[in-house]
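Here is a briefing on a single chain. Look over the sequence and the model first, then read on for the points by topic.

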Amino acid sequence: MFNRVLLTGADGSLGRILRDGLKGVWPVLRLCHRRPLGDPKPGEEICLANFEVFQEVDAIMEGVDAVLHFGAAAEETDWEKIEASNILGTYNIFEAARCQGVKRIIYASSSHITGFYRREQTLSGTEPPRPDSLYGVSKAFSEALGRHYADKYGVGVINLRIGTCREYPVNRRMLSTWLSHRDFVQLVRICLEAPRVHYETVWGVSGNERSWWDNQAAYRLGYRPRDNAEDYLDQAMEGERKSREEGQPLTGVPAGPESDVERLLQGGHYCAINFSGDLDRID
């Protein structure tokens with residue numbers, strides 16, 4: 001279906017998984033990052049670009065059939081960084097893709113776009129955004145931007161709302177949000193290869209028994225997750241024990257027990273950052 005696929009953020013944690021997992025799937029995988037990536041392997045092209053500069057983005061888009069956009073600030077940070085990378089940078093990606101006639105964009109969105117929903121709620125992906133952070137706000141903007149480009153210009157867009165993609169879950173929350181590496185690669189490939197895509201939003205999550213998200217949209221595209229976080233229950237509980245009792249921080253997870261805010265809401269510690277709201281008013 002595609003000859004040349006562009007992967008942005010190719011040297012990020014998710015980009016490296018895709019670089020390995022998608023090797024040889026299409027004739028050319030063009031890898032782009034802000035930093036040098038080393039020498040290309042067979043079937044790869046390597047380019048550098050600052051996504052905040054439209055001319056640089058337009059140049060890397062030439063000859064591209066589809067885009068996997070994973071190049072952005074990947075966590076909560078200063079607004080200036082989020083605005084530059086996740087707002088302006090994402091706009092430049094969509095606009096350059098339109099100008100170059102790209103047919104499909106898979107956008108790396110995030111479950112933090114709905115972080116202020118309670119954990120007992122099951123979400124389909126059609127609910128109004130309730131971002132738990134400025135990072136989540138930037139994802140809401142970009143999903144709306146994708147809808148605009150799908151409706152107005154006919155670019156096929158799929159938002160991939162990623163939960164927690166890592167080797168295995170390391171706490172209780174991840175038993176609901178975990179996405180295994182192999183399920184991640186499968187889902188991205190299916191999103192690219194699905195026919196007649198206009199605009200879709202799917203959850204980046206494995207087949208977890210405790211999932212908060214109804215992923216029927218992904219299943220309709222052909223996604224069949226192979227992994228279940230419950231199979232790693234012992235590792236998850238051990239990771240949580242170490243964090244709670246020994247104060248050992250885990251990558252991307254603060255040490256210590258969850259606060260009331262974190263226990264109630266899907267966004268976890270992102271909801272708790274600078275929180276001064278009223279939990280009773282968050283239905």
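Arg-34 counts as partly exposed, because its relative accessibility is 41%. Its salt-bridge partner is Glu-52, with the closest N and O atoms 2.6 Å apart. The model is predicted.

**Salt bridges**

- The structure holds 17 salt bridges.
- Side chains of opposite charge can pair when their charged atoms come close.
- Arg-34 and Glu-52 form one of these bridges, at 2.6 Å between the closest N and O atoms. Arg-34 lies in the loop between E2 and E3, and Glu-52 in the loop between E3 and helix H2 (54–60), so the pair ties together parts that are 18 residues apart in sequence.
- Glu-52 is partly exposed, with a relative accessible area of 30%.
- Glu-45 bridges to Arg-30, with 2.8 Å between the closest N and O atoms. Strand E3 (residues 44–48) carries Glu-45 and strand E2 (residues 28–33) carries Arg-30, so this pair ties together parts 15 residues apart in sequence.
- Glu-45 is partly exposed at 25% relative accessibility; Arg-30 is buried at 12%.
- Glu-143 and Arg-161 also meet in a salt bridge, 2.8 Å from N to O. The pair links distant parts of the chain: Glu-143 sits in helix H4 and Arg-161 in strand E6 (residues 156–162), 18 residues apart.
- Are Glu-143 and Arg-161 buried or exposed? Glu-143 is buried, because its relative accessibility is 6% and the buried class is under 20%. Arg-161 is buried as well, with a relative accessible area of 3%.
- Arg-4, Arg-30 and Glu-45 belong to one network, joined by salt bridges that share partners.

**Aromatic rings**

- The count of aromatic pairs comes to ten.
- Trp-203 and Trp-213 form a stacked pair, with 4.7 Å centre to centre and 10° between the planes.
- Trp-203 is buried, with a relative accessible area of 1%. Trp-213 counts as buried at 6% relative accessibility.
- Phe-94, Tyr-149 and Tyr-153 form one aromatic cluster.

**Backbone: positive phi outside glycine**

- Arg-196 has a phi near 55°, a positive value in a residue other than glycine. Arg-196 is found in the loop between H6 and E9.
- Arg-196 is exposed, because its relative accessible area of 83% is over the 50% cut-off.
- Asn-274 has a positive phi of about 55° although it is not a glycine. Asn-274 lies in the segment after helix H10 (269–272).
- Asn-274 counts as exposed at 74% relative accessibility.

**A buried loop residue**

- Ser-180 is found in the loop between strand E8 (178–179) and helix H6 (181–193).
- Ser-180 is buried, with a relative accessible area of 3%.
- Which residues does Ser-180 touch, not counting those up to four places away in sequence? Ser-180 touches Cys-165, Arg-166, Ser-206 and Asp-227.

**Nonpolar surface**

- Trp-79, Leu-134 and Val-137 form a nonpolar patch on the surface. Together they have about 240 Å² of accessible area.
- Val-137 lies in helix H4 (residues 134–153). Val-137 counts as partly exposed at 37% relative accessibility.

**The whole chain**

- The chain has ten helices and nine strands.
- Its radius of gyration is 18 Å, close to the 19 Å that the globule rule gives for 283 residues, so the chain is as compact as a globular protein of that length.
- Along the principal axes, the C-alpha atoms fill a box of roughly 50 × 35 × 35 Å.
- Of the 283 residues, 52% count as buried.
- Among contacts with a separation of 6 or more, 67% come from residues 24 or more positions apart.
- The accessible surface comes to about 13,000 Å². Carbon and sulfur atoms hold 47% of that surface.

Definitions and conventions
Residues are numbered from 1 along each chain as its sequence is written. This is a predicted model: local features need pLDDT of at least 70, side-chain atom pairs count only at pLDDT 80 or more; totals for chains, interfaces and linings use all residues. Side-chain values use heavy atoms; hydrogens and water are left out. Patches are made of residues with over 30% relative accessible area and no salt bridge: like charges are joined within 9 Å, nonpolar side chains (Val, Leu, Ile, Met, Phe, Trp, Tyr) within 5 Å. Accessible areas come from the Shrake-Rupley method with a 1.4 Å probe; for residues, only the protein chains shown count as cover. A salt bridge is a side-chain nitrogen of Lys or Arg within 4 Å of a carboxyl oxygen of Asp or Glu. Helices (H or I, at least four residues) and strands (E, at least two) are DSSP runs, numbered from the N terminus. Buried means under 20% relative accessible area, exposed over 50%, partly exposed in between (1.4 Å probe, protein chains only). The radius of gyration is taken over C-alpha atoms; the globule rule is 2.2 Å times the number of residues to the power 0.38. Contact means heavy atoms within 4.5 Å. Rings of Phe, Tyr and Trp (its six-membered ring) pair if their centres lie within 6.5 Å; planes under 30 degrees apart count as stacked, over 60 as edge-to-face and the rest as tilted.
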